[in-house]
Amino acid sequence: MSQQREVFKQSGTYLVALWVRSCWGMVRMIWPALLIWFRPSLSRPSWVFPVFIALLLALSAIWAYLRYRRFTYGFEGNHFFVEEGVIKRSSLTIQADSVQSVFTEQSLWMRMLKLHVMKMDTAGSSGQEVVISGIDGRAVEQIRQWHRQWQSPGQQPVATEAAEAEKEPVQAIRLQPIDLLKSGLIQNHFRGIAIAVLFVLSRLDWMERWYPIDLATGLQEAEKTVLPWYVWLALIAAMYALSLTVVLIRSLFRFGRFQVKPSEQGLLFSFGLLDLQTRELKRNQTQVIQLRSTWLARKLGVQKINLRQLGEAEASRGNTWRLPALPNEVVQQIVSTTFPYGEVDLQKPPIDPSFWWRTALFYYLFPLTILACVAIPWMSWRYITAIWIAGALFALLHSYLRWRSFQWFLGRNMVVYRSGWRVRRDQVFAYPSVQEVAWSQSPFQRARQLATLHITLHTHTLIIPYVPADWATRVRDYLLVKTSG
Amino acid sequence: MDLFEEIDTQALPQVDALQFVPMHRDKRALVRIHAALIWLLITLGALTLAAFKGWLFNGLFWLIAGVAVVVGSVVTIVYESWAVRCEGYAVRAADVHYRSGIWFKSVMSMPIARLQHCAIQQGPIEKLFDLSTLVFFSAASDSGDIRLSGIHIEEAQRIQAFVLRQIGRDEPAT
């Protein structure tokens, strides 16, 4: 059956951008030769430079025009095609079924020209197979409509009761400056390290009481020049302020003008201060959600959210969409729209108490003891004992709190898994996201009839440690049945 | 149906116990050859080092190197042969399982519905014994998630054909 072929071209305005790009591309290609030809010591006639510039502009204009002329895209029924190339011609055709998502980007330069870069994500590739630069907003909407018209019923959003309940008109959400500030505050990863380093440096004189040598100069009995405590405090404050400023500026550029608004298929995100990006999250198409919150984030009422949508770059691991730390109400709205997830009653999985003391013993106390033994020739006993006791207390407390933090919910359509006491991670996934299930048992676990369950998703592996072996086998079989179904 | 209804994990039925098929008996010979080749390479490396350092006529060097190579190769060969005994696989209508480990036991299970493609690999030594490695790929990994190494080539082809039929592809993925 022959379908009507609709062919489109990029916007005429894009010729300007293409010209500039071609010109820049040529300069980049021949810059070493340019450096030699135009070096000040070389005498040359005065007309050479203007002629060279004119030639460069003319050639790049011809090249840009040829590229523009040869680039076409369009539809033929449910097929989308792109034909391009001046010397080497290439043609790409993809079916609407295999297009998973359509999203646009707009750099500062493109915003000035009122143009967009449109990208299509297809299943089976880790990147975007289709990239169309220099099309206007109307053309973007035309492609989106074609995608909606031809996508397979399986890709159409599933109308569930939860989704119906969410159909009330939702207002567009914009992040306020205070939200960006909160987002920046919890993203400030350097803060802890910087403070720790500065604290250690500030206390060198105090540590040296137990040291045979002066750490600052490496000389015994050297005259020490120790800065007063308030100078160190000021330095710590300055480093904190600097790292916070860097993170805030980065957040502002990446997520400035952040906006979420409802669309026909779910939620439409747009963000970026200079380079504007838009992306659509389809209703009930999310397979994995990861929510992360630290103590500070919980106090500030924000949390980080990572999402992976159905069919998105199937063949690649770790391909999740990371959003900034958002206010809890925004996160709830995103989650409830894109995933059939509600408030569930989390239960404690039957993780054996031996998990926490064995973790403390093998992961922390053994390495700490070995390090302490190694340090004996260089450190005083008092110092080693103090570090060892502090480390042991921390290891025991950390392992115990980690053991206490595990919670989960096994539902008919999804699994919720919570772990971590300092950084709380809530992971929600639908059964189709499960790729493998592994069941493992160490000699110790075998003696106590325990096992560890590893659930491998598209994005990462969840580990449920030290559960009864029989329980692990039943859950594994249930997951396999649900995944196969 | 209540989406948020919780499943009672204690009441979950257990699927029939898995009947694992052991690896082909020739795999033991294969791993012994592999181990011997690795130790041969280590020996050649040690000899090259000795030639450069001038230890070739040093009796102590020959004693230490000889004992290390003999003990190392015997331990490796015995360990690898033992590990092969603990390996096994099970292919059911909807999933594939692979068991391994002497002290640290593990069973990896992959639903066939999640399979992206499966490939048969055969190295020169495997070719000598008509053995092959059947690799199952899911979307979670690029390098293969379950590797059934040391199964007969015909058995591998049968499993591959079955698995591809199950996921609705008659031809092996390229």
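Modeller: Helices of at least four residues and strands of at least two are taken as DSSP runs and numbered from the N terminus. With that convention, the elements of chain B run β-α-α-β-β-β-β-α-β-β-α from the N terminus on. Please bear in mind that this is a predicted model.

Colleague: Which strands are the edge strands of the open sheet of seven strands?

Modeller: The order in this open sheet is 21(A)-20(A)-19(A)-4(B)-3(B)-2(B)-1(B), with antiparallel pairing. Within it, strand 2 (residues 88-91) and strand 3 (residues 95-100) of chain B pair over four bridges, and Gly88(B) stands opposite Arg99(B). An edge strand pairs on one side only, which holds for strand 21 (461-468) of chain A and strand 1 (21-22) of chain B.

Colleague: Which residues have the most contacts inside the largest nonpolar core?

Modeller: This core has 75 residues, and strand 20 (residues 450-457) of chain A gives the most to it, with five residues. Leu453(A) touches, among others, Val437(A), Trp439(A), Ile464(A) and Val467(A). Apart from this core lies another of 18 residues, including Phe71(A) and Met110(A). In the core of 75 residues, those with the most contacts are Leu453(A) and Val467(A).

Colleague: Does strand 4 of chain A lie buried or in the open?

Modeller: Strand 4 of chain A forms a hairpin with strand 3 of chain A, with five residues between them, and Gly85(A) in the turn has a positive phi of about 110 degrees. The two strands pair in the antiparallel sense over six bridges, with Glu84(A) opposite Ser90(A). A residue counts as buried if 20 or more other C-beta atoms lie within 10 Å of its own. Of the six residues of strand 4 (residues 90-95) of chain A, the number buried is zero, so it lies largely in the open.

Colleague: Why are the buried residues of helix 11 of chain A on the same side, and what arc do they cover?

Modeller: In helix 11 (residues 328-338) of chain A, Val331(A), Ile334(A), Thr337(A) and Thr338(A) are buried. An α-helix has 3.6 residues a turn, so residues three or four places apart point the same way. What covers these buried residues includes strand 10 (266-271) and strand 13 (302-309) of chain A. They lie on the same side of helix 11 of chain A because the arc they cover around the axis is only 140 degrees.

How values were computed:
Residues numbered from 1 in each chain as written. Chains lettered and ligands numbered in written order. Predicted model: local features only at pLDDT ≥ 70, side-chain atom pairs only at ≥ 80, totals over all residues. Buried ≥ 20, exposed ≤ 12 C-beta atoms within 10 Å, placed from the backbone. Arc of directions from axis to C-beta. Contact = placed C-beta atoms within 7 Å. Pairing = 2+ DSSP bridges. Core = buried A, V, L, I, M, F, W, Y, C linked by C-beta atoms within 7 Å.
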